[in-house]
Amino acid sequence: MADGFETRAIHAGQPPDPATGAVVPPISLATTFAQHGVGEHQGYEYARTANPIRAALEACLADLEGARHGAAYASGLAAEDAILRLLRPGDHVVIPDDAYGGTYRLLAGVHEAAGVQWSAVDLTDLDALASAWRDETRMVWVETPTNPLLTVVDIAGVATFAHERGARVVVDNTFATPYLQRPLALGADVVVHSATKYLGGHSDVVGGFAATNDDEIAARLRFVQNAAGAVPSPFDCYLVLRGVKTLAVRMDRHCANAGAIAQMLAGHRSVASVRYPGLPSHPGHDVAAKQMRAYGGMVSFTLAGGEEAALRVVASTRLFTLAESLGAVESLIEHPARMTHASAAGSPLAVDPALVRLSVGLETVDDLVADLAAALDGLA
Ligand SMILES: Cc1ncc(COP(=O)(O)O)c(C=O)c1O
């Protein structure tokens, strides 16, 4: 019987160190590795190309995603950049119309200048995807649940559609993590992460990761990793690897706490709408129930009082810290239109200014509910 998720998160790619028996992979800071003769070495030559703790991290995360290959990068966006370099000038990629703002910025501000064409589409609607399709469409970029609207996209449905037309499917699995959702098993070709979020889990490391079962894609990702050199430091790899060991227990509690917050928000008079895939009222609830183990730790909502109310709420919580980023032990609150998604202003991906996004952490749930309720009551 195959080992379970928690077992693999703790042991995959990390046997006791053969040199010392250390149960934690040592951080090797070496930039270069001795060769017995020219080209004769133990798998490592130069640390940008490969190094032992990055290899451990890549093996562990690839295992958790059900992938044969994984490559770690200096940030989530560096991982995204490596994947987008699979495209050639003239190729077209479809992205979600509420993708993470940085994904949009990377495409519009970097890859478009290199000749890549793109369209932003509601990927919950296959007719819309069909309308946006071009002869040059080579890739569909899925994010699910999305940042910040928590839209849920049917990965298997999009994968079937794209594969019938010869395009590849990439899934940004940052919000769900491999504990809640495994895109490759659902038909995706590549899965990508900002490891800065739940994988690291403690707001103390920036990192990225991409995984695939396709040998050709893997070779290209590995080539770009080495050729462009956006690699994580050994210490950063250690921090992500340490975070991943507790991913399952953290995600269980993130989900439970977020569910309780979403319920409270849904019943509050100052709240116009709540976006949480675990609520039966969420348009993607059934798809989420089918493809996710549970519904995640992110909740977004709009205020009946519009942007002014949203700005007041984000400035008046005590436990929810006003800050960008997400996916760590402490709860965070932010205003996407002016913070994380400011780069999408004026574009088809611009965010409703009445929207507030929560990254629900692992504090005592009653304290979190009370904190948010007090901030909302203060609007009256
Ligand atoms: C869904 C998603 N993908 C990718 C990224 C980019 O990751 P990083 O900040 O590690 O470059 C983020 C960052 O917020 C994100 O939320």
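Which residue in β12 is the bridge partner of I333?

Analyst: The bridge partner of I333 in β12 is L358. The model is predicted, so local features are described only at pLDDT of at least 70 and side-chain atom pairs only at pLDDT 80 or more, whereas totals for chains, interfaces and linings use all residues. Residues are numbered from 1 along each chain as its sequence is written, and side-chain values use heavy atoms, with hydrogens and water left out.

Strand β11 covers residues 332-334 and strand β12 residues 355-359, and three bridges pair them in the antiparallel sense. Strands here are DSSP runs of E with at least two residues, helices are runs of H or I with at least four, and both are numbered from the N terminus. Two strands count as paired if DSSP finds at least two bridges between them. In general, the strands of a sheet pair through backbone hydrogen bonds, in a parallel or an antiparallel sense.

The two strands belong to an open sheet of five, in the order β8-β9-β12-β11-β10, with mixed pairing. Its edges are β8 (271-275) and β10 (321-322), each of which pairs on one side only.

E334 and R357 form a salt bridge whose closest N and O atoms are 3.2 Å apart; the term denotes a side-chain nitrogen of Lys or Arg within 4 Å of a carboxyl oxygen of Asp or Glu. E334 lies in strand β11 and R357 in strand β12, so the pair links distant parts of the chain, 23 residues apart. E334 counts as buried because its relative accessibility is 1%, and R357 is buried with a relative accessible area of 2%. Buried means under 20% relative accessible area, exposed over 50%, and partly exposed in between, computed with a 1.4 Å probe on protein chains only.

Across the whole structure, 11 salt bridges are found. One of them joins E58 to R54, with the closest N and O atoms 3.4 Å apart. These two residues are four apart in helix α2 (residues 52-64), which means that about one helical turn separates them. Both E58 and R54 are buried. Another salt bridge pairs K290 with D154, the closest N and O atoms being 3.5 Å apart. Since K290 sits in helix α11 (residues 285-291) and D154 in the loop between β4 (137-143) and α6 (155-164), this pair ties together parts that are 136 residues apart in sequence. K290 counts as exposed at 58% relative accessibility, while D154 is partly exposed, with a relative accessible area of 25%.

All five of the five residues of strand β6 (residues 190-194) are buried, so the strand is largely enclosed by the rest of the structure. V190, V192 and S194 point one way from β6, and V191 and H193 point the other way. Strand β5 (residues 168-172) runs parallel to β6 and is joined to it by three bridges; V171 has V191 as its bridge partner in β6. Strand β7 (residues 208-212) pairs with β6 in the antiparallel sense over five bridges, and the bridge partner of V190 in β7 is T212.

The ligand site can be described next. The ligand is surrounded by 13 residues, the closest being N147, D172, S194, T196 and K197; a residue is included if one of its heavy atoms lies within 4 Å of the ligand. A polar side-chain atom of D172 is 2.6 Å from a nitrogen atom of the ligand. On its own, the ligand exposes 390 Å², and the protein buries 90% of that; these areas come from the Shrake-Rupley method with a 1.4 Å probe.

Apart from neighbours within four places in sequence, L84 is in contact with L106, L107, H111, M139 and W141, where contact means heavy atoms within 4.5 Å. The C-alpha atoms of L84 and R275 are separated by 29 Å, and the two residues are 191 residues apart along the chain.

Notes. A polar contact is a pair of N or O atoms within 3.5 Å; within protein, one must be able to donate a hydrogen and the other to accept it, and residues adjacent in sequence count only if both atoms are side-chain atoms.
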